[in-house]
Every structure is written in C-alpha cells, then in structure tokens.
Amino acid sequence: MRTHRRTVATLSVVVAVAGWAALLATQSRDAMPLEPVARSGESVTPAFEGWYPNPDGSFSLLLGYYNRNQTQVLDIPVGPDNRIEPGGPDQGQPTHFLTRRQWGVFTMTVPRDFGNKRLTWTIVANGRPMSVPVGIIPDYKVEPFEDAATGNTPPVLRFEPGGPTHTGPPAGIAASLSTTFPAPLALTVWATDKPPRKEVPPQPGVPHEPPLSLTLSQFRGPRTVTIKDPKPVIEKGDGKATTTVTFAEPGEYVLRVQANDSSGDGGMGFQCCWTNALVKVSVRPSGSDRP
C-alpha cells in the first residue's frame, strides 16, 4: 500500500516538474534549477493529488498547489487567471494562495460515468501560466480516510459541541458563520484524533510531528484576512481550540481549517491522514440589519 501511494506521490511530482520544465524552456528570466527559490515573482503550480470513489458512485478529485515563492502570497480571483475547464471557471478552487506546498486544499466531484474525460486547472501567477490535467487516472487512486498499513485515520473536526463531524479531504462547506464589520469573529474548533493501530517507527532525517495540530488560513475572500493565532492551542480535555479572525472589509469569505496528526502535511505525500474543512464567513456591513 505504501508502495502504491509512493507511486502516486511520485507521479504528481512528475506532472508538476514537467510543467515547470516546459515553462523554464520558454521564459529566459526564470531561475536556473540550482538557484535559491525566489522570494517573489515566481509561478503557482496546481497539483493533482489523486481521486477516490464516494458511496453514491461518484468520484472526488483531490487537488492542492505549490506556490514557488518564499514570501509572496497571491490573491488570484476566479476567471481567466484561475480557471477550471470545461465547466468552470469556478469549481470551488482557492483564490488565496499561501507560500510553498499546500496539500489536499479542495475537491471536485464528478459523476460515476465520468470515464476518461479530463478537467484542466490553470493558474496564472506573476504572468506565468501553469496547468494540470485531472481525472480518474488509474495510477492516481488514493485512500485518504485510512492508511491500510497502520490503520491510521484522519483527525475529526467539529464546529459546535456534539455537532457534525468532518474528516479527511474537504467536501463542500463544513460550517457557515457570520459577523458584522469591523468586529472580529471568534472561531472555535473541536479537534480529536485516535492513534493508529500500528505505530510507525521514526525515520532518520524526517522531522517529528506533533500528535495533533491545527492550522487556519484564508481560502477565498475579497480582501485580507488576519488570524490572530493561525495555529491555536488544542485543549487536552475536549480538543477545543479558539482564535479570532478579522476581515479587511465586508463580503463573503472562506477559511480553511487544517488538522494534522503525526503523519504531517499531506501524510508525507501519501494523502492520509489529515483533515481539511472549509468554513464560510459572511461579513456584513456595519449597521446592517440582516440576521
């Protein structure tokens, strides 16, 4: 199972590297392969991370991205520079791109008869177009809800005590909240996890990951979001974690809440075991009388 997942991870890298290499060949101002990563001005590469079947017979396509800039966070609205085709341009992809590699950021659902069709996600950042084809490609099947080798499962998130649970890749909006500008939003999450049936021994050179951690970030929105504590402390008793979020102007925003266990970001490339949940926040103008 680990061998199969390693193949998937390798194929994903090959697609991204192939696209990058093509771009290097056509743009003389790109950095040479061995030069340090630039602080800004580089591309954002969409990443197809695999697909998995759903109980109703449909399939979910799992995607992330790689922002090659060290410090430049980009906002790219849905449209010509951030599009999924055919059927788009909006298929629920992010418009706010954090730096470096981001795993399992969103999913797209396709019908059971999707067959060998392909969708293409294109991102144009700093004038540099990057695209990736996605579909039900046999070698890209993943199992994000359980690691068959260890029995590990993703953390569980709730946004109210005893409320609905969210685990694994994002599937739509997990919670809808609201606030009135300019008041900050108090965001509370309950995160729990259970240990795997079989512990994985530490690997030389691989950083030790905490047993459970949370990371909050912006996914979509018209302006900047400020999160007071993007990695809030999880209380040991009930798994409660709280932070505050401030919005630069009224509008509709989406936040990403990521829970990682000791398998780390992206399950160290094996797509298990982590959870990403999307939270919609409606920020009303000051004086608004809407509920």
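In what order do the strands of the open sheet of 4 strands run, and with what pairing? In this predicted model, the order is 11-17-16-13 and the pairing is mixed. Strand 11 (173-180) and strand 13 sit at the edges with a single partner strand each, so one side of each has no neighbour in the sheet. On average, neighbouring strands here are turned by 25 degrees against each other, ignoring direction. Strand 11 and strand 17 (residues 274-284) run parallel and are joined by 7 bridges. Within strand 17, arginine 284 is the residue that stands opposite threonine 180.

There is also an open sheet of 3 strands, with antiparallel pairing and the order 1-2-6. Strand 1 and strand 2 (residues 59-67) run antiparallel, with 9 bridges joining them. Proline 46 has tyrosine 65, in strand 2, as its bridge partner.

Now for the rings. Searching the whole structure turns up 6 aromatic pairs. One of them brings together tyrosine 65 and phenylalanine 97, edge-to-face, at 4.9 Å centre to centre and with 75 degrees between the planes. This pair ties together distant parts of the chain, since tyrosine 65 belongs to strand 2 and phenylalanine 97 to strand 5 (residues 96-97), 32 residues apart. Tyrosine 65 has a relative accessible area of 1%, and because the cut-off for buried is under 20%, tyrosine 65 counts as buried. Phenylalanine 97, at 0%, is buried too.

Phenylalanine 106 and tryptophan 121 make another edge-to-face pair, 5.1 Å centre to centre with 85 degrees between the planes. Here phenylalanine 106 comes from strand 6 and tryptophan 121 from strand 7 (residues 119-125), 15 residues apart. Both phenylalanine 106 and tryptophan 121 are buried. As for charge over a ring, arginine 101 lies over the face of tryptophan 103, at 3.7 Å from the ring centre.

Lysine 198 is found in the loop between strand 12 (185-192) and strand 13 (212-220). Its relative accessibility is 54%, so lysine 198 counts as exposed. Leaving aside residues up to four places away in sequence, lysine 198 touches Ala149 and Thr150. Lysine 198 and threonine 150 are 48 residues apart in sequence, yet their C-alpha atoms are 4.7 Å apart in space.

Conventions. Residues numbered from 1 in each chain as written. Predicted model: local features only at pLDDT ≥ 70, side-chain atom pairs only at ≥ 80, totals over all residues. Heavy atoms only, no water. Pairing = 2+ DSSP bridges. Helix = DSSP H or I, 4+ residues; strand = E, 2+ residues; numbered from the N terminus. Buried < 20%, exposed > 50% of the residue type's maximum accessible area, 1.4 Å probe, protein only. Contact = heavy atoms within 4.5 Å. Axes fitted to C-alpha atoms, helices over the stretch in contact; angles between N-to-C directions. Phe/Tyr/Trp six-rings, centres within 6.5 Å; stacked < 30°, edge-to-face > 60°. Lys NZ or Arg CZ within 6 Å of the ring centre and 35° of its normal.
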